Amino acid sequence: TWTAVIAQPTALRVLIESVSHVLTDVQIDVVSCKDFEGLSIDTLDDNKVCMVSAKLPCDVLQRTPSTVTKPDLHRFCVSAENLLMALKNLNQQYTLLMSLETLSGRLVLHSCDELTHTDALTTSMSTKETLEAPPMRLKELNASFEIEIKLEELRSLVKYCHTMGAPEIQF
């Protein structure tokens, strides 16, 4: 299993609070590669209208019985409301250790004092099933639009383009 070590839990709370206005469920990628190490959110909202992209750099470790290595990518999905409620109850002065239990698939948030190694609070929450589809680039999304415009507004638009010196207008 992996462990994300977040030295500033306030940053994660602010990030989740920001995206919770758009997303009901947050799909988080735990990434560890040469370009970026930390938590990443790249998803569309429920209505497939708004692209949400956010990153939080942090240390990511994968624990095995004999060694500690770096993982490539792990993905989990949780309710934004539940995660935000759990983060608000954690002591923001402590370090947050985030991990995913292998057997149950539950997300574990464990806050502790890094210097004295005293535990403050451990919270566990269920995760939602994620679609293991590969990441999709925004340019790869197929979309078609139908725009209706009133004739007066079209005339105003054409006049504005002419005033601005546009060489041509395409519809």
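**A loop and its surroundings**

Modeller: Asp-45 touches Val-22, Leu-23 and Cys-50, not counting residues up to four places away in sequence; contact here means heavy atoms within 4.5 Å. This is a predicted model, in which local features need pLDDT of at least 70 and side-chain atom pairs count only at pLDDT 80 or more, while totals for chains, interfaces and linings use all residues. Residues are numbered from 1 along each chain as its sequence is written, and side-chain values use heavy atoms, with hydrogens and water left out.

Asp-45 belongs to the loop between β3 and β4. Helices (H or I, at least four residues) and strands (E, at least two) are DSSP runs, numbered from the N terminus. Asp-45 counts as buried because its relative accessibility is 9%; buried means under 20% relative accessible area, exposed over 50%, and partly exposed in between, with a 1.4 Å probe and protein chains only.

The two strands on either side of this loop form a hairpin with six residues between them, and Lys-48 in the turn has a positive phi of about 60°. Strand β3 (residues 37–44) and β4 run antiparallel and are joined by seven bridges; two strands pair if DSSP finds at least two bridges between them. Within this pairing, Ile-41 stands opposite Ala-54 in β4.

β4 itself has two faces: Val-52, Ala-54 and Leu-56 make up the covered one, and Met-51, Ser-53, Lys-55 and Pro-57 the uncovered one. Ser-53, in strand β4 (residues 51–57), is exposed, because its relative accessible area is 52%. Leaving aside neighbours within four places in sequence, Ser-53 is in contact with Ile-41 and Asp-42. Ser-53 and Asp-42 are eleven residues apart along the chain, and 4.5 Å separates their C-alpha atoms. Their side chains are joined by a polar contact of 2.6 Å. A polar contact is a pair of N or O atoms within 3.5 Å; within protein, one must be able to donate a hydrogen and the other to accept it, and residues adjacent in sequence count only if both atoms are side-chain atoms.

On the uncovered face of β4 there is also Lys-55, which lies over the face of Phe-36, at 4.9 Å from the ring centre. A charge sits over a ring if NZ of Lys or CZ of Arg is within 6 Å of the ring centre and within 35 degrees of the ring normal.

Strand β8 (residues 95–100) runs antiparallel to β9, with six bridges joining them, and Thr-95 stands opposite Cys-112 in β9. β9 also pairs with strand β10 (residues 119–125), in the antiparallel sense and over six bridges; here Leu-107 stands opposite Met-125. Strand β9 (residues 107–112) is largely enclosed by the rest of the structure, because six of its six residues are buried. Leu-107, Leu-109 and Ser-111 point one way from β9, and Val-108, His-110 and Cys-112 point the other way.

In helix α2 (residues 80–89), the buried residues are Ala-80, Leu-83, Leu-84, Ala-86 and Leu-87. They lie on the same side of α2, because they cover an arc of only 165° around the axis, the arc being that of the directions from the helix axis to the C-beta atoms. The face turned away from this buried side carries the exposed residues Glu-81, Met-85, Lys-88 and Asn-89. Lys-88 and Val-14 are 74 residues apart in sequence, yet 9.9 Å apart in space, C-alpha to C-alpha. Val-14 is in helix α1 (residues 9–19) and counts as partly exposed, at 40% relative accessibility.

Finally, the whole chain. There are three helices and ten strands, which follow one another in the pattern β-α-β-β-β-β-β-β-α-β-β-β-α. Of the 171 residues, 33% count as buried. Among contacts between residues at least 6 apart in sequence, 54% join residues at least 24 apart.
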